[in-house]
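This report examines one protein model, beginning with a pocket and the residues around it.

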Amino acid sequence: MLLTILYIIAISAEAMTGAIAAGRYKMDFFGVVFIALVTAIGGGSIRDMLLGHYPLTWVAHPEYVILICFCALFATKIPSLVVKLESLFLTLDAIGLVTFSILGAQVAIDGNLGFIIAVSSAVITGVFGGIFRDVLCGKIPLVFRKEVYASVAIFAGILYYVLTVFLKLDLLSASLITLFLGVSFRLLAIKNKWSLPIFSYDDEERKKF
């Protein structure tokens, strides 16, 4: 029940931020809704297809599609407010990232697919929606440039797997612990501007030699 509530909050927030991203590129309403859908449920859809987990979440619960479309169109009416509440949406995004990661790991655990697939499933669910959004908007995905984002999904996937499979904690306790530590990790990364090392190679430098 807890994860369902958090999932609904997460896809609503992702839908609104996806809509704002589409608005920055002056997309029509179809583009706005499509980007919102990709951002909110794209990662989970790819996970389900890769793992053979059918029906897809939004197929089993089409009401989620309606909710995402509503939130996306609502965001077009209050874009300045959404931007002003950036810190709130960053917090909601952190909650969404960890929630998606937990759900992704759980799908793999339910299928007895092992540790590597569970963590991979957590990452796919957590970050692929944002990757698709940025690609469709013609940008290098933020997760590839500087953000400690995928690292949080990896951390959440590992922690949740250890708590549920190795330590045999009940799902609620494991979810709450993973949620608290994962969201704290993400918010600390934002506050302290943590980032992974960047590889920079300028071909012009090679031509000088």
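The lining of the second largest pocket in this predicted model consists of Val143, Phe144, Arg145, Lys146, Glu147, Tyr149, Ala150, Ser151, Leu196, Pro197, Ile198 and Phe199. A pocket is an open set of points on a 1 Å grid over the protein atoms alone, where a 1.4 Å probe fits, with protein on both sides within 12 Å along at least five of seven lines; lining residues have an atom within 4 Å of a point. The space in this pocket is about 150 Å³, taken as that filled by probe spheres set on the points, with points joined across faces, edges and corners. Its lining comprises 8 nonpolar, 1 polar and 3 charged residues (Ala, Val, Leu, Ile, Met, Phe, Trp, Tyr, Cys and Pro are nonpolar; Asp, Glu, Lys and Arg are charged; the others, Gly among them, are polar).

Residues are numbered from 1 along each chain as its sequence is written, and side-chain values use heavy atoms, with hydrogens and water left out. As the model is predicted, local features need pLDDT of at least 70 and side-chain atom pairs count only at pLDDT 80 or more, while totals for chains, interfaces and linings use all residues.

The predictor's per-residue confidence, pLDDT (0 to 100), has a mean of 93 over the protein chain, with 97% of residues at 70 or more.

| Confidence | Helix | Mean pLDDT |
|---|---|---|
| Lowest | H10 (residues 203-207) | 62 |
| Highest | H8 (residues 150-166) | 97 |

Where pLDDT is low, predicted coordinates should not be read in detail.

Two backbone features lie in loops. Tyr54 and Pro55 are joined by a cis peptide bond with omega about -5°, and Pro55 belongs to the loop between helix H2 (29-51) and helix H3 (57-60). Asn112, in the loop between helix H6 (86-110) and H7, has a positive phi near 55°. Most residues other than glycine have a negative phi, and most peptide bonds are trans.

Conventions:
Helices (H or I, at least four residues) and strands (E, at least two) are DSSP runs, numbered from the N terminus.
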